[in-house]
Amino acid sequence: MKKAQYNITFGGIGGQGIIKASELLGWAALYEGYPVKKSEVHGMSQRGGSGESHVRFGKGVFSPLLGAGQADFLLCFHADEHERLAEFLKDDGVDLFEWLDKAAAMIDNPKMLNTALMGVLAAYLPIRQPSWDKAFETVFPEKIRQRNIEIFNQARHMAQTAINP
């Protein structure tokens, strides 16, 4: 069943593609027809420090920022960021931290960890494949797009199988 609103907090360290991942989700949700709001906290992330992004989509989304206890999903790309951002997750929210090692194990290039984790997140969201495809066309350059789509789909299938065995 579709919810009226989806709230996602992303976290990691600089260079892990947090902003790219949140941008991909934002475009996919927009192409699916949802109103979308997105915010980013760069800070020292450009030098390997902490970074985070919030994406909200659905009815009644007026602000891009999430407060403590408001995230439906928490997606951390680095273990050190999980504890810092855990406060954002709702009591009944989905913490995707358990997927970090599984996603890392399925890729051959660490730069694709964000794409693999986005595939995991996609298994939980009501966004159809054509919207994801269009988002990939918008966000990724052609020379790396196809490999990212393959990783995304492989991770999404792995997560869907685990969610609905």
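**View 1. The largest nonpolar core of this predicted model has 42 residues.** The residues with the most contacts inside this core are Phe10, Leu25, Phe57, Met118, Leu121, Leu125 and Trp132. Eight names make up the list of elements that give two or more residues: β1 (5-13), α1 (18-31), β3 (50-58), β4 (71-76), α3 (99-105), α4 (113-122), α5 (129-139) and α6 (142-163). The most comes from α4, which gives seven residues. In soluble globular proteins, nonpolar side chains tend to be buried together.

**View 2. Helix α4 is largely enclosed by the rest of the structure.** Ten of the ten residues of α4 are buried, so the rest of the structure largely encloses this helix. Start at Leu113, Asn114 and Thr115, which are buried. Continue with Ala116, Leu117 and Met118, buried too. Gly119, Val120, Leu121 and Ala122 are also buried. What covers them? The cover includes the strands β1 and β4 and the helices α1, α3, α5 and α6.

**View 3. Helix α1 has 14 residues.** From its first C-alpha to its last, α1 reaches 20 Å. That is close to the 20 Å expected at 1.5 Å a residue. Which residues of α1 are buried? They are Ile18, Ala21, Ser22, Leu24, Leu25, Gly26, Ala28 and Ala29. An α-helix has 3.6 residues a turn, so residues three or four places apart point the same way. After α1 comes Gly33, and its phi is positive, near 105°.

**View 4. Helices α1 and α4 pack at an angle of about 35°.** Their axes are 9 Å apart. The crossing of α1 with α4 is right-handed. On the α1 side, the contact uses Lys20, Ala21, Leu24 and Leu25. These meet Asn114, Met118 and Leu121 of α4. What kinds of residue form the contact of α1 with α4? Five are nonpolar, one is polar and one is charged.

**View 5. Helices α5 and α6 cross at roughly 145°.** Their axes come within 10 Å. This crossing of α5 and α6 is right-handed. From α5, the contact takes Gln129, Trp132, Phe136 and Glu137. From α6, it takes Arg145, Asn148, Ile149, Phe152, Asn153 and Arg156. The residues of this contact divide into four nonpolar, three polar and three charged.

**View 6. Ala4 lies in the segment before β1.** Which residue is 54 places from Ala4 in sequence, yet 5.6 Å from it in space, C-alpha to C-alpha? That residue is Gly58. Leaving out residues up to four places away in sequence, Ala4 touches Phe57, Gly58 and Lys59.

**View 7. Ile13 is found in strand β1.** Is Ile13 buried or partly exposed? With a relative accessible area of 23%, Ile13 is partly exposed. Buried would need under 20%. Glu52 is 39 residues from Ile13 along the chain. The C-alpha atoms of Ile13 and Glu52 are separated by 8.2 Å.

Terms used. Residues numbered from 1 in each chain as written. Predicted model: local features only at pLDDT ≥ 70, side-chain atom pairs only at ≥ 80, totals over all residues. Heavy atoms only, no water. Core = buried A, V, L, I, M, F, W, Y, C linked by side-chain atoms within 4.5 Å. Buried < 20%, exposed > 50% of the residue type's maximum accessible area, 1.4 Å probe, protein only. Helix = DSSP H or I, 4+ residues; strand = E, 2+ residues; numbered from the N terminus. Axes fitted to C-alpha atoms, helices over the stretch in contact; angles between N-to-C directions. Left-handed = near helix turned anticlockwise from the far one by under 90°. Contact = heavy atoms within 4.5 Å. Nonpolar A, V, L, I, M, F, W, Y, C, P; charged D, E, K, R; others polar. Expected span 1.5 Å × (residues − 1).
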